[in-house]
Amino acid sequence: MNYREIPAIFIADALGLDFLNSVATPVDQPVDWIADGEGLLSWLEQAELVPAEAIRRVRSEASPAELDEVAAKARDLREWFRIFLYKRKGSPLAAKDLRELAPLNRVLERDEQHGEIVVDDAAGATGFVFRMRRRWPAAESLLMPIVEALARLVCDEDFTQVKACEGPACTLLFADHTRGHARRWCSMAICGNRAKVAAHRKRLREAGAG
Ligand SMILES: [Zn+2]
């Protein structure tokens, strides 16, 4: 299935995990929303990680081949990080895990950000707020907000509550921020419902057999 036919999935409650979920099987065929350069731009726009104006500029300045190459790097990063995450999720991270995360720090070193005073546009607010702004010097800088999201994931999330959906064919990951840490599904609408239907069928079968 083509990623253009279906919006990307943002159910993880943590952007770094939404990035891992940029390849998934929402119905019956796998969809990779960052299968090519255009896909990466569209995913970044949907994730609100890159301002629309920067997307337009990068698209006009970089060749499609160059953008495809950045998308390939993003996919490599995604699958490398997925391995780290599957090894660690379910228990807290430890200081020794930093060694394995060194590639993220190497990319972050190249980031070009600066602070800026802007008018606070929150409802009813007066005054200014301090924001970080990123420069987008080349197509490869599109990787920066992704690497930042992964870095924030390891810094801000409790890995004990990083979970994979229990849907048998589902690959979606999420951070369980519910009060009792009882979240089991990517969404009630997709896998939660499927599980309910399956349990209902099983009960009917058992009732029929008994
Ligand atoms: Zn699911």
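Okay, one definition before anything else: when I say two residues are in contact, or that they "meet", I mean that their C-beta atoms, placed from the backbone, lie within 7 Å. Keep that in your head, and remember that what we have here is a predicted model.

Which residues of helix H4 meet helix H6? On the H4 side we have Val70, Lys73, Ala74, Leu77 and Phe81. On the H6 side, their partners are Leu143, Ile146 and Leu150. Sort the residues of that contact by class and you get seven nonpolar, no polar and one charged. H4 runs over residues 64–88 and H6 over residues 143–156, and their axes come within 11 Å and cross at roughly 10°. An angle under 35 degrees counts as roughly parallel, so that is what we call H4 and H6.

Now a second pair of helices. H2 is residues 37–46 and H3 is residues 52–61; here the axes come within 10 Å and the crossing angle is roughly 170°. The cut-off this time is 145 degrees, and anything over it counts as roughly antiparallel, so H2 and H3 get that label. Who makes the contact? From H2 it's Leu41, Leu44 and Glu45, and from H3 it's Ala52, Ile55 and Arg59. By class, that gives four nonpolar residues, no polar ones and two charged ones.

Okay, let's zoom out. The chain has seven helices and six strands. If you walk along the sequence, the order is α-β-β-α-α-α-α-β-β-α-β-β-α. The C-alpha atoms fill a box of roughly 70 × 45 × 35 Å along the principal axes. The chain has 210 residues, and 24% of them count as buried. And if you take the contacts with a separation of 6 or more, 63% come from residues 24 or more positions apart.

On to the strands. E3, residues 113–119, and E4 pair in the antiparallel sense, with seven bridges between them. Is E4 well covered or hardly covered? Hardly: E4 is residues 128–134, and of its seven residues, the number that are buried is zero.

Next, the end part of the chain. The UniProt record, an unreviewed entry, annotates residues 162–203 as "domain: Zinc finger CGNR". In our model that span is 38% helix and 14% strand, and its end C-alpha atoms lie 31 Å apart.

Have a look at the loop between strand E6, 173–175, and helix H7, 188–209, where you'll find glycine 180. Why does glycine 180 count as exposed? Because it has 6 C-beta neighbours inside 10 Å, and the exposed class takes 12 or fewer.

Last thing, backbone angles. Most residues other than glycine have a negative phi. Histidine 181 has a positive one, near 50°. Aspartate 13 is also not a glycine, and its phi is positive at about 70°. You'll find aspartate 13 in the segment before helix H1, which is 15–20. Aspartate 13 has 15 C-beta neighbours inside 10 Å, so it counts as partly exposed.

That's me done, thanks!

How values were computed. Residues are numbered from 1 along each chain as its sequence is written. This is a predicted model: local features need pLDDT of at least 70, side-chain atom pairs count only at pLDDT 80 or more; totals for chains, interfaces and linings use all residues. UniProt positions are given in the numbering used here, feature names are shortened, and annotations may be inferred rather than shown by experiment. Helices (H or I, at least four residues) and strands (E, at least two) are DSSP runs, numbered from the N terminus. A residue is buried if 20 or more other C-beta atoms lie within 10 Å of its own, exposed if 12 or fewer, and partly exposed in between; C-beta atoms are placed from the backbone. Axes are lines fitted to C-alpha atoms, for helices over the stretch in contact, and angles run from 0 to 180 degrees between N-to-C directions. Angles under 35 degrees count as roughly parallel, over 145 as roughly antiparallel, 65 to 115 as roughly perpendicular and the rest as oblique. Ala, Val, Leu, Ile, Met, Phe, Trp, Tyr, Cys and Pro count as nonpolar, Asp, Glu, Lys and Arg as charged, and the others, Gly among them, as polar. Two strands pair if DSSP finds at least two bridges between them.
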